[in-house]
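Have the viewer open and follow along.

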Amino acid sequence: MTLTSLVDRAISVLRSNDTGVFTKPGPHQYPHQWNWDSALIALGLSHFDLPRAQMEIRALLSGQWQDGMLPHVVYHHAPSDYFPPAVFWQIESSPHAPGVPTSGITQPPLLATVIRKIDSRLPMPDFVHEVYPALLSWHRWLHTSRDADSSGLVCILHPWESGTDDSPRWLHLLAAIRLEVLLEFQRGDTKYVPAIERPHQAEYERFIYLIDVFRKLHYVPAELLIHSPFLVQDILFNAILFRADEDLHALAVSLDQPTDEIDGWLSRMRLNFNARFWDEGVGLYYDYDVRSGETIRVNTASTFLPLFAGLPSERQSQRLVEEHLLNPGEYAPGGEVHHWVTTTARAEPAWEARRYWRGPVWIIMNWFLIEGLQRYGYDDLAETIRQDTLGLIEAGGFREYYDACDGAGCGSADFSWSAALALELSESTARMGNGS
Ligand code: DGY
């Protein structure tokens, strides 16, 4: 496939998933608007239709709660066979719930970063002025309602908030949750995607159980921090938030808005990030279980997210890259693994080639990594990963994720953020004059 046809096909995937109000992440598996998918979709749309990209962002923000929370799914009254349906969340029990049906949890805050990226290429001061208050209020909500220990680092309450649902780093935490009620439900996620590529039933039961805990607490943030059985400081979420705070800061400056509050968030995170997550012995970042006060010693590609945020020192970045990313026993291709980059270190016992976040290559993780490596001057390695990523898409289509061994496409077909990021990654090929 030539670069031109890859771009054309990516545009056609985004167009075909467009409902007219929002863009579905996947045509069947994900029929509503997901928060971080939507940010990347807007980034992709901005390459060929800026007004449509802005509409995508407005649609997402229409689901914002009155206290600032931006939910992980906005249902937009669209009928579907997706489980859990909008009614399952019972968000009307919160006085902050919006008029449009949404979920009651959030997702990694990529939106400010995406808006700044678009604005730096296609200046849109009026739009930035319009959406800035919503972004500020979401970040303020994260820094107040989710800061359990006043460290400036925020907590997630559900694996779905990490965006990496069944990552091996959550497995022992989920296994420790005692189900006090047995909920009856019918999963919808294995209807369109083989069960072998989706989370196991034991994890799924706990995903749903946690929602039941939250709805019984009426989504009151302080109550959730006290009672949620799952309370984690996630490297990925915090690194994305730090980067997004920096981007929010830049947007504030462009609008001549005060930045003191954002400066405060940035300095507390900068102060505590490395102390909390960096393990000097192994040279990796590890997540932290706030409930038990224990480090989660599971090696996944989230460990590289701080590079995207510019948080590691030069020496830390060198250890991450040289001891881990380039190590074929962990992330580099070698043996049965032929592609960059498996989402869980190959040596982890829970690694699986095709199951959701257990091992497959995800385009979003490669994009984070490429951006992070470029930030630290590893341009050649970033280029190798970029080319391998585009090669996977060319061979396997715009899939949700890919088997790192044979490159086979897995999960949803015609996946919107894979199309959006193909546009983003091809753009740099075109800039370098390599397009055909
Ligand atoms: C799903 O349904 O699998 C989603 O990841 C939940 O957000």
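This is a predicted model: local features need pLDDT of at least 70, side-chain atom pairs count only at pLDDT 80 or more; totals for chains, interfaces and linings use all residues.

**Two residues and their contacts**

Let us begin with H96, which sits in the loop between α4 (86-89) and α5 (111-121). Which residues does H96 touch, once those up to four places away in sequence are set aside? They are W65, Q66 and D67. For D67, the sequence separation from H96 is 29 residues, while the C-alpha atoms of the two are 5.9 Å apart.

Leaving out neighbours within four places in sequence, the contacts of L136 are L248, E261, I262 and W265. One of these, L248, lies 112 residues from L136 along the chain, yet their C-alpha atoms are separated by 7.5 Å.

The two C-alpha pairs are set side by side here.

| Pair | Separation along the chain | C-alpha distance |
|---|---|---|
| H96 and D67 | 29 residues | 5.9 Å |
| L136 and L248 | 112 residues | 7.5 Å |

**Cis peptide bonds**

Now for the backbone. F83 and P84 are joined by a cis peptide bond, with omega at about 0°. P84 belongs to the loop between β2 (73-74) and α4. Another cis peptide bond links W340 to V341, and here omega is about -20°. Where is V341 found? It is in the loop between α14 (314-325) and α15 (363-375).

**Positive phi values**

The loop between β2 and α4 also holds H77. This residue has a positive phi near 60°, and it is not a glycine. H77 counts as exposed, since its relative accessibility is 60% and the cut-off for exposed is over 50%.

D414 is another residue other than glycine with a positive phi, in this case near 45°. You will find D414 in the loop between β9 (409-410) and α17 (416-431). At a relative accessible area of 36%, D414 is partly exposed.

Definitions and conventions: Residues are numbered from 1 along each chain as its sequence is written. Side-chain values use heavy atoms; hydrogens and water are left out. Helices (H or I, at least four residues) and strands (E, at least two) are DSSP runs, numbered from the N terminus. Contact means heavy atoms within 4.5 Å. Buried means under 20% relative accessible area, exposed over 50%, partly exposed in between (1.4 Å probe, protein chains only).
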